[in-house]
Amino acid sequence: MADEELEALRKQRLAELQAKHGDPSGDPAQQEAKQRESEMRNSILAQVLDQAARARLSNLALVKPEKAKAVENYLIQMARFGQLGGKVSEQGLIEILEKVSQQTEKKTTVKFNRRKVLDSDEEDDDD
């Protein structure tokens with residue numbers, strides 16, 4: 001087989017697999033929209049966070065991506081409504097993280113169901 005034919009087969013197979021698994025990366029318009037949104041979020045965060053706060057947020061994104069996304073959304077919303085007075089420091093970001101943690105905190109309860117177990121020795125005590 002020629003290299004061109006092999007490459008064409010590989011591309012065809014890749015397209016089939018992406019279509020089968022519903023991989024959205026095949027749609028260039030959707031991919032471009034996601035990239036634009038990501039760039040916009042990064043530019044807004046670069047404007048409202050200082051270097052240490054950005055580093056902390058990126059570390060948080062590695063460990064807890066959903067919490068980092070919530071904090072990013074909160075910061076972007078505050079920036080859009082003009083509620084931020086200058087750049088947010090690392091200490092300010094920690095306070096925001098605590099607020100978000102309190103809002104999303106889940107209460108866990110443990111309930112013990114104790115079952116009465118019959119002991120075989122109790123039955124033999126009648127003798």
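Contact here means heavy atoms within 4.5 Å. The model is predicted: local features need pLDDT of at least 70, side-chain atom pairs count only at pLDDT 80 or more, and totals for chains, interfaces and linings use all residues. Residues are numbered from 1 along each chain as its sequence is written, and side-chain values use heavy atoms, with hydrogens and water left out.

View 1. Glutamate 72 lies in helix H4. Helices are DSSP runs (H or I, at least four residues), numbered from the N terminus. Glutamate 72 is buried, with a relative accessible area of 16%. Buried means under 20% relative accessible area, exposed over 50%, partly exposed in between (1.4 Å probe, protein chains only). Neighbours within four places in sequence aside, glutamate 72 is in contact with Arg41, Leu45 and Leu57.

**View 2. Helix H3 and its buried side.** The 13 residues of H3 should span 18 Å at 1.5 Å a residue; the end C-alpha atoms are 19 Å apart, which agrees. The expected span is 1.5 Å times one less than the number of residues. Ala53, Leu57 and Leu60 are buried in H3. They cover an arc of only 60 degrees around the axis, which puts them on the same side of H3. The arc is that of the directions from the helix axis to the C-beta atoms. These buried residues of H3 pack against helix H2 (28-48), H4 and H5.

**View 3. Glutamine 51 on the other face of H3.** The face of H3 turned away from its buried side carries the exposed residues Gln51 and Leu62. Glutamine 51 has a relative accessible area of 65%. Glutamine 51 and valine 88 are 37 residues apart in sequence, yet 9.5 Å apart in space, C-alpha to C-alpha.

**View 4. Helix H5 and its buried face.** H5 (residues 90-103) has 14 residues and reaches 20 Å from first C-alpha to last, close to the 20 Å expected. Gly92, Leu93, Ile96, Leu97 and Val100 are buried in H5. Seen down the axis of H5, they fall within an arc of 145 degrees, so they line one face of the helix. Their cover includes helix H3 (51-63) and helix H4 (65-80).

**View 5. The packing of H3 with H5.** H3 and H5 pack at an angle of about 35 degrees, with axes 8 Å apart. Axes are lines fitted to C-alpha atoms, for helices over the stretch in contact; angles run from 0 to 180 degrees between N-to-C directions. H3 contributes Ala52, Ala53, Arg56, Leu57 and Leu60 to the contact, and H5 contributes Glu90, Leu93, Ile94 and Leu97.

Terms used: Helices (H or I, at least four residues) and strands (E, at least two) are DSSP runs, numbered from the N terminus.
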